[in-house]
Amino acid sequence: MRKRVIIKSRVKEGVLDRFLPFLEKNLPNVRGFSGCLKVAVLFDSDSRNLIFDEAWLSIKRHRNYLDSIESNGVMDELVSYLESPPKVEYYDHLEL
């Protein structure tokens, strides 16, 4: 069953001009990772709340991706733009 992955965090004040190029550079890597079906980025400029709305074939494939970006330093760079590490939530995609 496909999994919906919702990742929530808050962007630090004053870093958006550096954060957006980081996302533009790295989003193709997420979208091209084995098992990734979709990634959308949602941002509220007033609160600086950030949501990654993703669809994956499985939790295992998403966790493989997380392991990959933790080992290559991308996760550390991502977290450097955020007030705290992102919160990852997994949901079943119901075909209704």
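Met1 sits in the segment before strand S1; strands here are DSSP E runs of at least two residues, helices are H or I runs of at least four, and both are numbered from the N terminus. This is a predicted model, where local features need pLDDT of at least 70, side-chain atom pairs count only at pLDDT 80 or more, and totals for chains, interfaces and linings use all residues. Residues are numbered from 1 along each chain as its sequence is written, and side-chain values use heavy atoms, leaving out hydrogens and water.

Met1 counts as exposed because its relative accessibility is 66%; exposed is over 50%, buried under 20%, partly exposed in between, with a 1.4 Å probe and protein chains only.

Now the overall fold. The chain has 3 helices and 4 strands, in the order β-α-β-β-α-α-β along the sequence. The C-alpha atoms fill a box of roughly 40 × 30 × 20 Å along the principal axes. Of the 96 residues, 36% count as buried.

Next, the core. The largest nonpolar core holds 22 residues, and Phe19, Phe22 and Phe52 touch the most other members. Such a core is a set of buried Ala, Val, Leu, Ile, Met, Phe, Trp, Tyr and Cys residues joined through side-chain atoms within 4.5 Å. H1 gives the largest share of this core, 5 residues.

What does Phe52 touch, leaving aside its neighbours within four places in sequence? Phe52 is in contact with Val5, Ile6, Ile7, Leu23, Leu27, Val39, Ala40 and Val41, contact being heavy atoms within 4.5 Å. Among contacts between residues at least 6 apart in sequence, 73% join residues at least 24 apart.
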